[in-house]
Amino acid sequence: MRELDLLVSGSDPLDAVRDARRLPALNRAGDISGLDALARLWTGLVPDRVHDSVTASAALRDLGFVLASLERHGVDYRTVPSAEETLLKLGALAEEVPRDSVYTYALRNPRDAERSFTELPEEALFIREVRTAGNALRPAVDALMEAIALPVDDPALAELLVEATRGFTVFAQSLLSVKRTITPETFSFEMRPYFPPMTVGGQVLYAPGGAQMTPLLVDILLIRPEPGDPREEWYEQYLDENLLYLPAAYRAASDLARRHRPLLPRLVDEAARHRSPGPEVRRTLAELRALMREVLRFRLPHLQLAKANMNVRPDGSLGSGGYSTDSLDRLAELTLDRHQLLSEDPTADLAQQ
């Protein structure tokens, strides 16, 4: 994934770098005719310049910025000739959702020619921190994928959990930076309007949002509800609604992960069957606790941040991913319950020795 994101970041099939710097000024002025002209120009270049998944993803990135800008100013993007057809073709070629996503907005947004909707320093920080967080979680997901079938006493397991914790620590720090720097008013009224839902091919697709990021995979691998849990039906629907926004490699990883029991309850159960847990089991449990502390250090502030943003918006508002904070409440509850399960493990005292 890292290689793909770097390739897309370096790709500019529409020569968008020449005009992307004008986008914040067009948005500030509400210049609909200027935005429309730019959207028509870029859409018209796609047939001759996009031929593979990398250039298709780069084109989705740049069209995403200008088409979402039109929507923000009250113009249906489908008034741009061939725009919807173009998005569908690009999505098929990239094997990804046919609109912009959190990956095109941040991880595939070139550092040296960064695209943005506004000239706000807060948006620049937001893009930078989302990119940092996304990059940090890649090795965490890789480590958990490698750990998914290892027994609790495997010596390699603890090191894989350490690697996952390291990535999640950076992820949590990036969120805290956003929370401390971007006020709810700035995000809700200056930035959020540029993340509208868009209908493509008859399907409502949501804008870049946290539900599309790799914590989704971490949850699947680590703590998802198991059969018999009353939250299972809700969670499976939540997955179905959000997995489509992941890049193809991550969708394949999610399919594999869902065929295995989630790590945390499995490892706790396996540890409980060891009458005299050895050092490998004790260390595995200790590192699992450390990982869960970082997951909570992300999840609880994220919930607070989302609620602060919703509190300044009109009643009934949804986040950019199309959700109210109820979904975040459920994810926080699930995370806390899993953490409690770990703390109640009968070998817990041994694990801390």
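I searched the whole structure, a predicted model, and found 2 cavities of 30 Å³ or more. A cavity is a set of points, on a 1 Å grid over the protein atoms alone, where a 1.4 Å probe fits but cannot get out. A volume is the space filled by probe spheres set on the points, which are joined across faces, edges and corners.

I noted that residues are numbered from 1 along each chain as its sequence is written. Local features need pLDDT of at least 70, side-chain atom pairs count only at pLDDT 80 or more, totals for chains, interfaces and linings use all residues, and side-chain values use heavy atoms, with hydrogens and water left out.

I looked up the second largest cavity, which holds about 50 Å³ of space. Its lining residues (an atom within 4 Å of a point) include Met-1, Asp-5, Arg-138 and Tyr-250. Helices α7 (102–107) and α8 (121–147) each supply at least two of the lining residues; helices are DSSP runs (H or I, at least four residues), numbered from the N terminus.

I then turned to Trp-234, which lies in helix α12 (residues 232–242). Trp-234 counts as buried because its relative accessibility is 16%, and buried means under 20% relative accessible area (1.4 Å probe, protein chains only). Leaving aside neighbours within four places in sequence, Trp-234 is in contact (heavy atoms within 4.5 Å) with Ser-327, Arg-330 and Leu-331. The C-alpha atoms of Trp-234 and Arg-330 are 9.2 Å apart, although 96 residues separate the two along the chain.

How values were computed: On a 1 Å grid over the protein atoms alone, a cavity is a set of points where a 1.4 Å probe fits but cannot get out, and a pocket is an open set with protein on both sides within 12 Å along at least five of seven lines; lining residues have an atom within 4 Å of a point. Buried means under 20% relative accessible area, exposed over 50%, partly exposed in between (1.4 Å probe, protein chains only).
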